[in-house]
Amino acid sequence: MKKKKISKPDLRVTVGGLRLQNPIIVASGTFGSSDEYANFVDLDRLGAVITKSITLNARAGNKSPRICETASGMLNAIGLENKGVEYFLKTNIPFFKKYTTKLIVSIAGSTVHEYERLAHLLNRERRVDALEVNISCPNVKKGGIAFVRDVHQSRSIVEQVKKEFARPVFVKISPEARDVEKLVHEVMKAGCDGISLINTIKGMAVDSKTRRPQLGNITGGLSGPAIKPIAIRYLYEIKQRFNIPVIAGGGIMNANDALEFLIVGADAVSLGTANFVNPQVSMEVIEELTKYLKEEKIKSVRDIIGTLTV
Ligand SMILES: Cc1cc2nc3c(=O)[nH]c(=O)nc-3n(C[C@H](O)[C@H](O)[C@H](O)COP(=O)(O)O)c2cc1C
């Protein structure tokens, strides 16, 4: 029997209790404060925005140079530069109130208490739809990947954040964890609503002329197409083992990459480095995904999720 033509495929997904109009999300730290991108992107067409990680107090970040290009990717060592939560609440929240896109606020801290305070302050602001708890930044001296490598601390962070924040909480992890599956098990037990993966992987590059590291911080986080197979592998292994909501990304540059993650089981996907290459990439991926579903006569993007055959 011939399949019926689909005029308008359904792109809606739900991840960790958060309903999105489509699965395309812009990743933390790669979309400015969103206002810079508002001229290129219709923010209201995105599934969600994940903001740059904010901390309790302002942070100056690391010494420059902070980014460098690598084969099929980039290294960054921004070091969580941001103006702190008070500034975010005063300046960024009013900006987001002009839009309806789902807002996931990324938080980072150097102690469990800092995460708890951030969750408390952000819980008061109804515009914040969800939190992404960044416990895997490779570019800070305190906290960062030390947390993702310590399941007890990770667990405490999630427990405290969940006590303070009443809406969905995602935990952002990376392969820097000693045992990714154990970590996922523990943070889910602690009550998080889903996992976000993968954050950048620590790397290093050298300038052969000066014989110095290319980054002021010496090491940085690797992102872009170079890490895509690693991200897909972790997504696959986690989805095999646990039935949990996942926002997945790492090297997604186009709709075909996004489809690979959805097929493996991502409930939504995040685009990071791609935004630097083409600020309109998120819009193009939504359009291409719609076109793909129409051409394949698939009614809903949900009919693709987790359909990998091995
Ligand atoms: C310049 C830059 C800044 C980033 N800042 C953050 C951040 O503040 N918080 C965070 O959780 N991840 C941050 N990330 C990681 C991205 O959100 C994303 O997880 C990672 O880059 C992998 O996805 P991609 O390959 O699509 O870029 C940053 C990445 C880049 C390239």
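The model is a predicted one, so local features are taken only where pLDDT is at least 70 and side-chain atom pairs only at pLDDT 80 or more, while totals for chains, interfaces and linings use all residues. Residues are numbered from 1 along each chain as its sequence is written, and side-chain values rest on heavy atoms, with hydrogens and water left out.

Helices here are DSSP runs of H or I with at least four residues, strands are runs of E with at least two, and both are numbered from the N terminus. α7 spans residues 255-264 and is mostly covered, with seven of its ten residues buried (buried means under 20% relative accessible area, exposed over 50%, and partly exposed in between, using a 1.4 Å probe and protein chains only). The buried set consists of A255, D257, A258, L259, F261, L262 and V264. At the start of α7, a side-chain oxygen of N254 comes within 3.1 Å of the backbone nitrogen of N256. That is a polar contact, meaning a pair of N or O atoms within 3.5 Å; within protein, one must be able to donate a hydrogen and the other to accept it, and residues adjacent in sequence count only if both atoms are side-chain atoms. Just after α7, G265 adopts a positive phi of about 130°.

Side chains of opposite charge can pair when their charged atoms come close. With a salt bridge taken as a side-chain nitrogen of Lys or Arg within 4 Å of a carboxyl oxygen of Asp or Glu, the count comes to 17. In one of them, D257 meets K228 at 2.8 Å, N to O. This pair links distant parts of the chain, since D257 sits in helix α7 and K228 in helix α6, 29 residues apart. Both D257 and K228 are buried. K228 also forms a salt bridge with E260, with the closest N and O atoms 2.8 Å apart. Because E260 lies in α7 and K228 in α6, this pair ties together parts that are 32 residues apart in sequence. E260 is partly exposed at 32% relative accessibility, whereas K228 is buried at 14%. Elsewhere, salt bridges with shared partners join R155, E159, E186 and K189 into one network. Within it, R155 and E159 have their closest N and O atoms 3.3 Å apart. These two both belong to helix α4 (residues 151-164) and lie four residues apart, about one turn of the helix. R155 is partly exposed, with a relative accessible area of 24%, and E159 is partly exposed too, at 30%.

Next comes a helix pair. Helix α1 (residues 85-96) packs against helix α2 (residues 112-123) at an angle of about 20°, with the axes 11 Å apart. Axes are lines fitted to C-alpha atoms, for helices over the stretch in contact, and angles run from 0 to 180 degrees between N-to-C directions. That makes α1 roughly parallel to α2 (under 35 degrees is the cut-off for this label). The contact involves V85, E86, F88 and L89 from α1, and L118, L121 and L122 from α2.

N22 sits in the loop between β2 (18-20) and β3 (24-26). N22 is buried, with a relative accessible area of 3%. Polar atoms of the N22 side chain lie 2.9 Å from the backbone nitrogen of I24 and 2.7 Å from the backbone oxygen of R45. Leaving aside residues up to four places away in sequence, N22 touches L11, V13, R45, L46, G47 and I286.

Finally, the backbone. The S64 to P65 peptide bond is cis, with omega near -5°, and P65 lies in the loop between β4 (48-50) and β5 (67-70). The bond from L197 to I198 is cis as well, with omega near 0°; I198 belongs to the loop between β10 (194-197) and β11 (201-204). L80, not a glycine, has a positive phi of about 55°. L80 is found in the loop between β6 (73-76) and α1, and is buried at 8% relative accessible area. R211 has a positive phi near 60°, in the loop between β12 (206-207) and β13 (212-213), and is exposed at 73%.

Technical notes
Parallel < 35°, antiparallel > 145°, perpendicular 65-115°, else oblique. Contact = heavy atoms within 4.5 Å.
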